[in-house]
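This briefing concerns a structural model with its sequence.

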Amino acid sequence: MQESLLEILCCPLDKHELELEDADRDDADEIIGGDLVCTECGERYPIEDGIPNLLPPDMREETPA
Amino acid sequence: MGLEDQRDVETDVYQPAEDSHLLADAACDDLADADEGSLVLEVGTGSGYVAGRIDDETPARVIAADLNPHAVRQAREAGLEAVRADLVAPFADGALDAVVFNPPYLPTDPDNEWDDWMEQALSGGEDGRAVIDPFLAEVGRVLAPDGSVYLLVSSLTGVDDVVEEAGEHGFSAAAVADESFPFETLTVLELFR
C-alpha cells in the first residue's frame, strides 16, 4: 500500500486515526508489511503482501471457504 | 498461474459479468471529468474489474476493497490499491469523492444458502438487501459532501425499495443506466445529497 492511503483509513471499530508501525518497504517505497495501529484503542491491523487487513478482529478469522 | 491460484479465480472470486460491465460503463462516464487526485472507492471489488476500468479511464485515484481475501489478492495482482474491509468501515469521514458498489443482491432462501465466498458475493439474504441496507446506512459517513454513490440494483431486489431506503439516509437517487435481461433489469443508481 502507498503511505498516502493512511490519510483516508481509520480504525473500523472507533474511527480514530491509524499509525504505521514496523513498516517493511519494497524498492518502490511501497509498504508491503507492518501494522496499522489505532491511536485510540490500540487495536493492530496487519499489512500482508502489501494489503492492509482492516477487518475488525472478530471478522478476521471468519473464512467461509 | 498454479493450480491452486486457478481454483481461487474460478470458485472463490466473482468474475465480471453483465452487471459489472454496466456499472463500469456508468461510473467511467460520470467520472471521466473527475479532478486529478479525487478518490474513488470500489466496495466488493471481486476481481477488480470495475475498479480497473475506473483506474484506466478516469483521472481519479481508485481504492479496491473487499471482504474476501482471495478477491483483494486478485485486485492487487491486477495493479490496484487493495484494502481488506467490511463495506466502508475503515475509511475516514468525508474522505471519498465517489463510492462504487455492485452488491450481493440475489434474494436467497436461507435453507438453500451455501456457505462459501461465492455465496457471499451473490446472496443478499431473503429480501436481497441484507448487504445493501447496512451499506446505505454507513456510506454517507465516508462520502465527501458533494460526493456520489454508484450502486448497481436489480429488479429482483426492487429498485424502488432501495431508492426509498437511500432516502431514509438523506440521499436523492437518479437512474444513470439500465439494461434488461430475460429474468431481471439491472439499473445503476447514482445517489447524492
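**Overview**

UniProt, in an unreviewed entry, lists residues 40–107 of chain B as "domain: Methyltransferase". The model described here is predicted. Within it, the span of residues 40–107 of chain B is 26% helix and 29% strand, and its end C-alpha atoms lie 28 Å apart.

- Of the area that chain B buries against chain A, 32% is supplied by Arg76(B), Arg84(B) and Pro90(B), more than by any other three residues.
- Chain B brings 26 residues to the contact, and chain A brings 26 residues.
- Two salt bridges are counted between chain B and chain A.
- A salt bridge joins the side chains of Arg76(B) and Glu30(A), with an N to O distance of 2.7 Å.
- Nine residue pairs, both members at pLDDT 80 or more, are in polar contact between chain B and chain A.
- On the side of chain B that touches chain A, two or more residues come from each of strand S2 (61–66), H4, strand S3 (81–84), helix H5 (117–122) and helix H6 (132–142) of chain B.
- S3(B) gives the largest share of that side, with four residues.

**Strands S2 and S3 of chain B**

- Four bridges link S2(B) and S3(B), which pair in the parallel sense.
- In a regular strand, side chains alternate between the two faces of the sheet.
- S3(B) is covered on both faces: Glu81(B) and Val83(B) are buried on one side, and Ala82(B) and Arg84(B) are buried on the other.
- Ile63(B) belongs to strand S2 of chain B and stands opposite Glu81(B) in S3(B).
- Why does Ile63(B) count as buried? Its relative accessible area is 0%, and the cut-off for a buried residue is under 20%.
- Beyond its neighbours within four places in sequence, Ile63(B) contacts residues of chain B, including Leu39(B), Val40(B), Leu41(B), Glu81(B), Val83(B) and Phe91(B), and also Leu5(A) and Ile8(A).
- The C-alpha atoms of Ile63(B) and Ala51(B) are separated by 7.4 Å, and the two residues are 12 residues apart along the chain.

**Helix H4 of chain B**

- Helix H4 of chain B covers residues 69–77, and its buried residues are Pro69(B), His70(B), Ala71(B), Val72(B), Gln74(B) and Ala75(B).
- Which residue caps the N-terminal end of H4(B)? Asn68(B) does, with a side-chain oxygen 2.8 Å from the backbone nitrogen of His70(B).
- Gly79(B) follows H4(B) and has a positive phi, near 90°.

**Leu186 of chain B**

- Leu186(B) is placed in strand S7 of chain B, residues 185–192.
- Leu186(B) counts as buried because its relative accessibility is 2%, against a cut-off of under 20%.
- With neighbours within four places in sequence left aside, the contacts of Leu186(B) include Glu18(B), Asp19(B), Leu22(B), Tyr105(B), Leu152(B), Val153(B) and Phe181(B).
- The C-alpha atoms of Leu186(B) and Leu96(B) are separated by 25 Å, with the residues 90 residues apart along the chain.

**The sheet of chain A**

- Four strands of chain A form an open sheet in the order S1-S2-S3-S4, with antiparallel pairing.
- Strand S1 (18–25) and strand S4 (51–52) of chain A are the edge strands, each pairing on one side only.
- Strand S2 (residues 31–38) and strand S3 (residues 44–48) of chain A run antiparallel and are joined by four bridges.
- Pro46(A) in S3(A) is the bridge partner of Asp35(A).

**Arg60 of chain A**

- Arg60(A) lies in helix H1 of chain A, residues 57–60.
- Is Arg60(A) buried or exposed? Arg60(A) is buried because its relative accessible area is 19%, and the limit is under 20%.
- The side chain of Arg60(A) reaches the backbone oxygen of Arg44(A) at 3.0 Å.
- Residues up to four places away in sequence not being counted, Arg60(A) touches Glu43(A), Arg44(A), Tyr45(A), Pro46(A), Asn53(A) and Leu55(A), together with Arg84(B).

Notes. Residues are numbered from 1 along each chain as its sequence is written. Chains are lettered from A and ligands numbered from 1 in the order in which they are written. This is a predicted model: local features need pLDDT of at least 70, side-chain atom pairs count only at pLDDT 80 or more; totals for chains, interfaces and linings use all residues. Side-chain values use heavy atoms; hydrogens and water are left out. Buried means under 20% relative accessible area, exposed over 50%, partly exposed in between (1.4 Å probe, protein chains only). A polar contact is a pair of N or O atoms within 3.5 Å; within protein, one must be able to donate a hydrogen and the other to accept it, and residues adjacent in sequence count only if both atoms are side-chain atoms. UniProt positions are given in the numbering used here, feature names are shortened, and annotations may be inferred rather than shown by experiment. Contact means heavy atoms within 4.5 Å. Two strands pair if DSSP finds at least two bridges between them. Buried area is the accessible area (1.4 Å probe) that two parts lose on being put together, summed over both. A salt bridge is a side-chain nitrogen of Lys or Arg within 4 Å of a carboxyl oxygen of Asp or Glu.
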